[in-house]
Structures are given as structure tokens and as C-alpha cells.
Amino acid sequence: MTRETIINLAIFAALIAFAIAAHLMGNGFAVTLATKAAIFALAGVGLNLALGYGGLVSLGHAAFFGIGGYVTGILASHAMQATPVLTFPFTLAGSNDMLGIWPMAMLAGGLLALAIGALSLRTTGVYFIMVTLAFAQMVYYFAVSWPRYGGEDGLSFYVRNNFPGMNTFDPIQYFLICAALLAIALVFTAVVTQSRYGLALQAARQNRQRTMAVGIRPYGVLLVAFVLSGMIVALAGSLYADLNRFVSPAMLSWHMSGEIMVFVILGGVGRLCGPVAGAAIYILLEHLLGDVSEYWQALLGLLLLVIVIYSPGGLIGLITGRFRNA
């Protein structure tokens, strides 16, 4: 077992231990903070698959985060009102069952990622960044101008969706659901990146020309990574909407794309548990410094500068003593 594997396990165990300790002390607010960190970490794991392993610097992942939230909110609100979501060309009923909502959210995120990725991956560098940002902003302004589901004011659905055998209103039980999905996403990422496909993905990140020279088309490899990334981020968006029982265009804003990227950079780009560490640090700083000053993001910016300059491997790279140029 490598040092980094031990650190990854320790980081995940620390998140679980924090939530359980807060629950035992009767601090439901701290459990909710841990839940928020787990959800943001899941979104970071999704982006890390594209950014850390595929080298795809995307500012459009808020589109997948938001669409996961809107699928959840729309299905839940229609279930609450006992009205169908669609009647043509087929009937689609609302739902408040998480096991039914999650696949729908991931499917919507995957299809959107397929459409955006198929066009965006025809470009590289700064052009890729700007194209993904443009697509995300298109989705954002569509949500703003969609009065049926709240428009700019967002959509409240008041009730948290159901999971078999669990009380999702109980903070610790909802945290365990989010933590379990985060663990599954981490295992999935580890398996994918260590497979033959994962080696091809990292080869495409390092040098597309050489990848083509050995008979591998980087376009298809990167597109699959982009779609998988979008599906994981959409699942995180679904969980975040359920946590707040509210969804709004803010989830689709480019600011959200930037925040998810911050989680990855803080923890370590291309590090398995980097997004977990990064999300935990971000939530901790937001909670501790938010009461001190409304400009706490300036301190976060300084921390990012220090990490980018002195620790390219992020927090995990700093701890392991090994730096990696992504």
C-alpha cells in the first residue's frame, strides 16, 4: 500500500469520523456541513476525471451540476403535485424516489455532456475552455427564462426525496447516503483510471499526436471521459438539490464551475482523493472565515496562489512529498 493510498483512506475516514462525531454531539449543523463537503467532493471527483486524468480544463461543468439538480427538482415537484412531467410523446410521471431520480439525473447529465463534448473537443486549449463556458451559460440563461419552474427565483420542492429503509430528513442518514455514493465514485474512478482505457486517457492528456501514432483516437477517449465526468457531476447536483430542497439557476452559473475546479486544485489535480480534501478545506474556510469577513474568498485566492506556485500536486501532493505536473 503506497503512502498516497494511505492518505486517501485517511482523508475519507476523517470526513466520516467528523460527521459521526458531530452526530453523537447532537450538532446537526456540522453534519450538514459534512454532507455538503461530500456532495461537492463528488462533483470534484467527476471534474477530476476529465481535468486531472484527461487534461480537459472545463468551465462548463456547472451545466451538468445544475441539470442534475433541475431533474431532481422537477420530478419531485410533479410528484408532490401528482401531475405528470410529460404527456407527449410518452407519459412521464413525477417521482420522489431517489433510486429513480438518480438514473434520470445522470442520464440527462450524460446526454448534455455528450452534446457539449462532441462539439467542444474539436477545439483545444483556451478555445475548449471558452466553448464549454459558452454552452454552460446557454443552459444557465435557459433556466433563468423558464418561468414554469421558477425562472430566476428557482424551484422549491419542500420535501426531501425517499431512499428505501432510511429517513432522509435525518442529517446523519442523508450524509451516509452521500458518503456511500462518494465512495462508489472514488472506487469507480480508481478502476477506470488504472484500466487500459485509463492508460489511453492519460496518454491522450500527455500527447495526442503520439496517441494517434499508436492507433488510438484521442477524440473518442476524451469524449467518453467527458461524458462520465458529466454524469458524476449531475449525480452530485441531484444530491445538492435534495439537501437544500431547492434548485435555482445559481447551480448553473460559471461561478459554480469555478468552485468545483477550486476543489480539485486545492486537493490535487489528478489525485484520487484530491477533490475530497479540497471540498473539505473549502467548506471549512467558508464556515470559519465567512463570519469574519464577507471577503473571505480573497484569503482563499491567496491559498490557491500558494498551492499553484509551491505545490502543484495540491494538499495531497504536499503531504506525500511528491509533486506532479498535470
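Me: Is Ser229 buried or exposed?
Reply: In this predicted model, Ser229 counts as buried, because its relative accessibility is 0%, under the 20% cut-off.

Me: Where is Ser229 placed?
Reply: Ser229 lies in helix 9, which covers residues 218-244.

Me: And what is Ser229 in contact with, leaving aside neighbours within four places in sequence?
Reply: The contacts of Ser229 beyond those neighbours are Gly46, Leu47, Leu49, Ala50 and His61.

Me: Switching to Gly268: where is that found?
Reply: Gly268 sits in the loop that links helix 10 (254-267) and helix 11 (274-290). Gly268 is buried, with a relative accessible area of 0%.

Me: Which residues is Gly268 in contact with?
Reply: Apart from neighbours within four places in sequence, Gly268 touches Asn48, Gly274, Gly313, Gly314 and Leu315.

Me: What separates the C-alpha atoms of Gly268 and Met98?
Reply: The separation is 31 Å, and the two residues are 170 residues apart along the chain.

Me: Now the helices. At what angle do helix 1 and helix 6 pack?
Reply: Helix 1 (residues 3-24) and helix 6 (residues 171-193) pack at about 175°, and their axes are 11 Å apart. Helix 1 is therefore roughly antiparallel to helix 6.

Me: Which residues make the contact?
Reply: Helix 1 contributes Phe12, Leu15, Ile16, Ala19, Ile20 and His23, while helix 6 contributes Ile172, Phe175, Ala179, Leu182, Ala183 and Leu186.

Me: Last topic: which residues make the nonpolar surface patch?
Reply: Leu299, Leu302, Leu305, Val306, Val308, Ile309 and Tyr310 form that patch of about 740 Å². One of them, Val306, belongs to helix 12 (residues 296-310) and is partly exposed, at 44% relative accessible area.

Definitions and conventions
Residues are numbered from 1 along each chain as its sequence is written. This is a predicted model: local features need pLDDT of at least 70, side-chain atom pairs count only at pLDDT 80 or more; totals for chains, interfaces and linings use all residues. Side-chain values use heavy atoms; hydrogens and water are left out. Patches are made of residues with over 30% relative accessible area and no salt bridge: like charges are joined within 9 Å, nonpolar side chains (Val, Leu, Ile, Met, Phe, Trp, Tyr) within 5 Å. Accessible areas come from the Shrake-Rupley method with a 1.4 Å probe; for residues, only the protein chains shown count as cover. A salt bridge is a side-chain nitrogen of Lys or Arg within 4 Å of a carboxyl oxygen of Asp or Glu. Helices (H or I, at least four residues) and strands (E, at least two) are DSSP runs, numbered from the N terminus. Buried means under 20% relative accessible area, exposed over 50%, partly exposed in between (1.4 Å probe, protein chains only). Axes are lines fitted to C-alpha atoms, for helices over the stretch in contact, and angles run from 0 to 180 degrees between N-to-C directions. Angles under 35 degrees count as roughly parallel, over 145 as roughly antiparallel, 65 to 115 as roughly perpendicular and the rest as oblique. Contact means heavy atoms within 4.5 Å.
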